[in-house]
Amino acid sequence: MSEIGGMNIQKLAETHGTPLVVYDENALRDKLTLFTKHFKSDFLETDVIYASKAFNCKAMISLIEEYGCCLDVVSGGELYTAFKAGYDCSKIFFHGNNKTPAEIKMALDFGVGTIIIDNEMEAAELAKQIQGTDKKVNVLLRVNPGIEAHTHEYIVTAHVDSKFGISMLDEEQIVNVIKMLDSCDNITYEGLHAHIGSQIFDKKAFSELVRKMFAFAAELKNAHGIEGTTINLGGGFAALYTAEDHPIPIDEVCAEILHTCEEENQKIGNLIRRICIEPGRSIVGEAGYNFYTVGYIKKTPNKLYAFVDGGMSDNIRPALYQAKYDAFIAGKENEAPYADYTIAGKCCESGDILIQSIALPEVETGDILVMKTTGAYGYSMASHYNKLALPAVVFVRDGQAREVIERETYDHLISLEK
Ligand SMILES: *Cc1c(COP(=O)(O)O)cnc(C)c1O
């Protein structure tokens, strides 16, 4: 792999500098095509909502708009970016467990279509702000179904203490919140939302979620006369980071979800009219690459380090979650492995290791190391630790590169300082 998007890797690094975040735009487009094509049902309306926290910038949001997808934002900043990208705010779903009064006001002013209510106090704040105005908004209520799924395992427990949503076990509170919201003329209660985790490899976790959500929607109707017709199943679809990962193909996971939804909906008299999913990582993860220039090589008694010119400041996932990544040296793709290297960043933190151990050909100063699948929660979680400037972000497609986010300069870094 000496090219990405028809562009030579070393050339890209020379032109744009390193560390550099590169997205293969056709790979992004392919994922969006797969989701929009396969998440379609003859019996239910469907919406694919891009969870923009995985990678939120104007260029990405324009792509989302082009494919007719909806957009999930979780803060005023993400919302502002979407607004500035010219995105149709009526297609925005606004999430978060602690949306501030100012953020709620902003959502109403921008005409955000749907607010996902997380808790009782937030519901009251929204009602207070919207009553007596001519604004209108749809709401979904985030519930906690007691399913937690991460990577290879999922557990169905009575885990009632999540910071997100209201536990399904607390039916009384859920009913009270919905009834309060529904009693406001300018708020339309549409249904339920849940999100059970990320990097989920087991499609049974999703079918379990579908069953619980449909049964709960029926319970709300039968026991309390509450008619919500939308179910939003959240995100969590996995991406391939290393050869150990086996994500469920997008068409398969969509088929599994749709099939289970249709089956469950029949059981409850077709109460539900619309289902939504919110993929983030699975759309942008694999399309992204981080380029670094190798600096010094250092041997310790037990390790062989290759130091790179970025690190936890542009990709905190290895330090934060022990996330694993694959990488290669540009121009040496066909060379035999020479040794196991530890790839370390330049931040002042012993935990700033991007890859604990990877077999690579001989790594030399000046080589371009390319880390794969960095497109989700990489740039979006980046920080200014050690006052490192944020990298540039480039979209490449059919032999053309366009910079969608500039590299920060030292002057940017101090621009807010008095
Ligand atoms: C983070 C998040 C998503 C996206 O999760 P991925 O693992 O990136 O697919 C979707 N919905 C909600 C509510 C989230 O918090």
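**Entry 1: strand E21.** I began with a bridge: Phe328 has Val370 as its partner in E21. I took helices (H or I, at least four residues) and strands (E, at least two) as DSSP runs, numbered from the N terminus. The model is predicted, so I noted the terms: local features need pLDDT of at least 70, side-chain atom pairs count only at pLDDT 80 or more, and totals for chains, interfaces and linings use all residues. Residues are numbered from 1 along each chain as its sequence is written, and side-chain values use heavy atoms, with hydrogens and water left out.

I then looked up the partners of E21. Strand E18 (residues 327-329) runs antiparallel to E21, and three bridges join them. Strand E16 (residues 288-299) also pairs with E21 in the antiparallel sense, over five bridges. Two strands count as paired if DSSP finds at least two bridges between them. Opposite Met371 in E21 stands Asn290.

Is E21 mostly covered or mostly open? I found four of the five residues of E21 (residues 368-372) buried, which leaves the strand mostly covered. Buried means under 20% relative accessible area, exposed over 50%, and partly exposed in between (1.4 Å probe, protein chains only).

Entry 2: In helix H3 (residues 58-66) I listed the buried residues: Ala59, Met60, Ile61, Leu63 and Ile64. An α-helix has 3.6 residues a turn, so residues three or four places apart point the same way. Just after H3, I read a positive phi of about 70° at Gly68.

I moved on to Leu320, in helix H11 (residues 317-321). Leu320 has a relative accessible area of 45%, so I wrote it down as partly exposed.

**Entry 3: the whole protein.** I counted twelve helices and 23 strands. The radius of gyration is 23 Å, close to the 22 Å of the globule rule for 418 residues, so the protein is as compact as a globular protein of that length. This radius is taken over C-alpha atoms, and the rule is 2.2 Å times the number of residues to the power 0.38. The C-alpha atoms fill a box of roughly 70 × 50 × 40 Å along the principal axes.

Of the 418 residues, 53% are buried. I also looked up contacts (heavy atoms within 4.5 Å). Among those between residues at least 6 apart in sequence, 71% join residues at least 24 apart.
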